[in-house]
Amino acid sequence: MHKQKAVLLCQPDWEELVVSEMMELGVTSADITPPVIGTGKIECNLSFEILFVVVCASTLVESVRLKLADFRATSLSEFIDNITKIEWYQYLVPGNKLVTNPPTILVNSNSTKFHTKQIAHRITETIKKMSRKYRPNISYNLDTGSEQNILVNISSDQRFTILIKASNKMHKRTYSQDKWMSDAPLNETLASGCLRLISQDMGVDLNHISIWDPFCGSSTILTEAWAKYQGLLPGYHVSDDKPMFRWPKIQRGFLPYTKKLDSLKPSDYPAVTYMGSDISPRAIESSKHNFKLLIDSMKAVGYRPSHLCKQYLEVGDFRSIENSVSYLQKYAIKPKKFAIVSNPPYGKLIAEGEKELKTQSGFGNMLRKRPEFENVYIIDGGYNFRKRTNLDWKSIKRFRSGGLPVALYKLVTGQR
């Protein structure tokens, strides 16, 4: 089976998480180049079938590009010879006009030998010639609007790397195109990565863990967990962000490729509960809207959400509903795998007033008197929140969210 080099872009320092997900999706370890940690990039060899699965099912990858060519050229004629060898027709989108529309091409150059506009022009002319040769009566278009579709990197030693965008902005889920956001939303790929880290830390399949988010906002953490439990594919929709779906090669194999996705459907999992609470009525309204999007997405393709997966959303301070949560945790959740997971306000989003101080210290007091809450995780970008809980926390993973340095922390339960 023919495979091509693919470049997967992800959150820096999460490369190992992405590699483990790729192997779950059918990529073999032999096809993955050991990543350099911190680059946010993984290179691997993918068949078109596995490429389709990755774009549809990955919860951690943010962009996928195929490497069409990697060569060294010291002259323009040598450059043209190399780009003529690329099978452009595999990625050309048929159009209605007889004139070929030029593709959008971005050239990043560290070379003084080649002019960037000249390189882009030569690629466009090559595509025109090949389209007239293979399909003389049909035009081809690689232009997807404002996005750059073909990327050309030129090193100082005249080495060319040519990539084509297969999928971009993969944090935009199929089921969240009309998602309502809170004031400080957590990116979906970050939320999914944190959930995967928590699952590894607890040594339990994520679909066996009930979750309470006491600062839920628009419930990105809960909706990512719920979607995974229900088997909702995050990337199965055609959009300008996924030009791959319009490639002739993908369209010819679309039905066989979708059968590969059937193997990713969830097994029978135990009953779980996802609970969200927030003092903001607007946040809970957003959360309810976002869960409705999930349910409607399932019904639209003929599936019914599993009745074993419950969700509760309530306006209120965590102190006003902790008894309900404790009851559920003790008696209603089987098996008793329970975690508190939250992205509480931090940085400029939280004032230093008396109310905020009471919230932070009150959260710590609640955890001290509730020893049944053993697995507590927060995503925090400032030291004050953890300090005012007067509890010990250990860092599991550091990363950036919205440009801010943050980390996933776990409560050290032995010192409460």
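I began with K410, which is buried (under 20% relative accessible area, with exposed over 50% and partly exposed in between, 1.4 Å probe, protein chains only), its own value being 15%. This is a predicted model, where local features need pLDDT of at least 70 and side-chain atom pairs pLDDT 80 or more, while totals for chains, interfaces and linings use all residues. Residues are numbered from 1 along each chain as its sequence is written, and side-chain values use heavy atoms, with hydrogens and water left out.

Next I looked up where K410 sits: strand β15, residues 404-411 (strands are DSSP E runs of at least two residues, helices H or I runs of at least four, numbered from the N terminus). I found its side chain in polar contact with the side chain of D201 at 2.9 Å (N or O atoms within 3.5 Å, one able to donate a hydrogen and the other to accept it; residues adjacent in sequence count only if both atoms are side-chain atoms). Beyond four places in sequence, K410 also has contacts (heavy atoms within 4.5 Å) that include Y377, D392 and W393.

Then I turned to helix α5, residues 188-202. I noted that 13 of its 15 residues are buried, and that G203, with a positive phi near 70°, follows it.

Last, the sheet: I traced 7 strands, open and mixed, in the order β11-β10-β9-β12-β13-β15-β14 (strands pair if DSSP finds at least two bridges between them). I marked β11 and β14 as the edge strands. Between β9 and β12, which run parallel, I noted 3 bridges; I211 has A339 as its bridge partner.

Key
Expected span 1.5 Å × (residues − 1).
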